[in-house]
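I opened this structure to see how its chain is put together. My entries follow in the order in which I looked things up.

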Amino acid sequence: MWSDPKSWGGTVPAEGDEVVIEPTWWVELDLAETPKLKQLTIHGRLSFKDDPINLPSIKLQSHIIYVTVGEFLIGSEENPFLQKAEIELLGQTDSDPLVLDGSIKGGNKILATSNLVSFHGKKRSHQLTRLLETV
């Protein structure tokens, strides 16, 4: 569990931290709202806790989220996430960018992946319409 200090070697991530989920870890986000992180790097697995009674909404806040060889999962096809899930990407246009491979800038306020990001929520009850021109 994200809220368990033992999951992090003794200290739960705090505001401004650069958080790394290691390759062998499966962290389940069980907070209504994370602190505002500088960067979240996922080498292992991050999922949102399925607990609609005690946790009606979950908000993940970070300047950068980078899923490398890991997985970022919210619900599944078989078990959609029925709570409110929110991912807030923080920062300004001149904030520090995600740097890939030492020199390639991936941008800021970014969720980047080189592996698996999979989000499944409740079915929509209305149809979506695509705009063909500016409103």
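Entry 1, Leu40. I began by listing what Leu40 touches, leaving out residues up to four places away in sequence: Trp2, Val19, Ile21, Leu46, Leu60, Ser62, Ile64, Ile65 and Tyr66. The model I am reading is predicted. I placed Leu40 in strand S3. Is Leu40 buried or exposed? I count Leu40 as buried because its relative accessibility is 0%, and the cut-off for buried is under 20%. I also checked one pair by C-alpha atoms: Leu40 and Ile21 are 7.8 Å apart in space and 19 residues apart in sequence.

I then asked which residues have the most contacts inside the largest nonpolar core. They are Trp2, Leu40, Ile42, Leu46, Phe48, Leu60 and Phe72, in a core of 19 residues. I noted next which elements give two or more residues to this core: strands S1 (18-21), S2 (26-29), S3 (37-42), S4 (45-48), S5 (57-67) and S6 (71-74). S5 gives the most, with four residues. I found another core lying apart from this one; it has five residues, among them Tyr66, Leu98, Ile110 and Ala112. Tyr66 was already in my notes as a contact of Leu40.

I moved on to strand S4, where Ser47 is found. Ser47 counts as buried because its relative accessibility is 8%. What does the side chain of Ser47 make a polar contact with? I found the partner to be the side chain of Trp26, at 2.9 Å. With residues up to four places away in sequence not counted, I list Trp26, Val27, Glu28, Leu29 and Leu73 as touching Ser47.

I looked next at the segment before S1, where Asp17 lies. I record Asp17 as partly exposed because its relative accessible area is 31%, which is between the cut-offs of 20% and 50%. Leaving aside neighbours within four places in sequence, I found Asp17 in contact with Leu37, Lys38 and Gln39. I also looked up how far Asp17 is from Gly75: their C-alpha atoms are separated by 26 Å, and the two residues are 58 apart along the chain.

I turned last to the chain as a whole. How many helices and strands are there in the protein? I count zero helices and eleven strands. The C-alpha trace spans about 45 × 40 × 25 Å along its principal axes. Of the 135 residues, I find that 32% count as buried.

I then noted that the protein exposes about 8800 Å², with carbon and sulfur atoms supplying 49% of it. For the charges, I have 13 positive and 19 negative side chains. The centres of these two sets lie 5 Å apart.

Definitions and conventions. Residues numbered from 1 in each chain as written. Predicted model: local features only at pLDDT ≥ 70, side-chain atom pairs only at ≥ 80, totals over all residues. Heavy atoms only, no water. Core = buried A, V, L, I, M, F, W, Y, C linked by side-chain atoms within 4.5 Å. Buried < 20%, exposed > 50% of the residue type's maximum accessible area, 1.4 Å probe, protein only. Areas by Shrake-Rupley, 256 points an atom, 1.4 Å probe, with all protein chains shown as cover. Lys, Arg positive; Asp, Glu negative; His and termini not counted. Charge placed at Lys NZ, Arg CZ, Asp CG, Glu CD. Polar contact = N/O pair within 3.5 Å; in protein donor to acceptor, adjacent residues only side chain to side chain. Contact = heavy atoms within 4.5 Å.
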